Amino acid sequence: MTLERARELLAVQADMGGGYNRNSARLILGEVARLHGQQAVDRLIREFDLEQRFGFRPGTQFNAP
């Protein structure tokens, strides 16, 4: 998954909010971590304010299944 595609998907999840969207965002971030590293994940968390929306903090490890 490219970072641009991850941004597109996270934008939808962040706009909708809710538990299912939180879980989807976790899966997306896990894939980003696997492919692009923790710094990319932290940037996306800040970019989409995911700490406020879903409680995701920069530095949190997300594992893709």
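This is a predicted model: local features need pLDDT of at least 70, side-chain atom pairs count only at pLDDT 80 or more; totals for chains, interfaces and linings use all residues.
Visitor: Which residues of H1 are buried?

Guide: The buried residues in H1 are Ala6, Leu10, Gln13 and Ala14. They cover an arc of only 95° around the axis, and therefore they lie on the same side of H1. On the other side of H1, Asp15 and Met16 are exposed.

Visitor: Why is Phe54 called buried?

Guide: Phe54 has a relative accessible area of 8%, and buried means under 20%, so Phe54 counts as buried. By the cut-off of under 20%, Phe56 is buried because its relative accessible area is 2%.

Visitor: What makes the aromatic pair of Phe54 and Phe56 tilted?

Guide: The ring centres of Phe54 and Phe56 are 5.6 Å apart, and rings pair if their centres lie within 6.5 Å. Their planes make an angle of 40°, and since planes under 30 degrees apart count as stacked and those over 60 as edge-to-face, the pair is tilted.

Visitor: Why is the aromatic pair of Phe56 and Phe62 called edge-to-face?

Guide: For Phe56 and Phe62 the angle between the planes is 65°, and an angle over 60 degrees counts as edge-to-face, so that name applies to this pair. The distance for Phe56 and Phe62 is 5.1 Å centre to centre, which is within 6.5 Å.

Visitor: Which residues form one aromatic cluster?

Guide: The cluster is formed by Phe54, Phe56 and Phe62.

Definitions and conventions: Residues are numbered from 1 along each chain as its sequence is written. Side-chain values use heavy atoms; hydrogens and water are left out. Buried means under 20% relative accessible area, exposed over 50%, partly exposed in between (1.4 Å probe, protein chains only). Helices (H or I, at least four residues) and strands (E, at least two) are DSSP runs, numbered from the N terminus. The arc is that of the directions from the helix axis to the C-beta atoms. Rings of Phe, Tyr and Trp (its six-membered ring) pair if their centres lie within 6.5 Å; planes under 30 degrees apart count as stacked, over 60 as edge-to-face and the rest as tilted.
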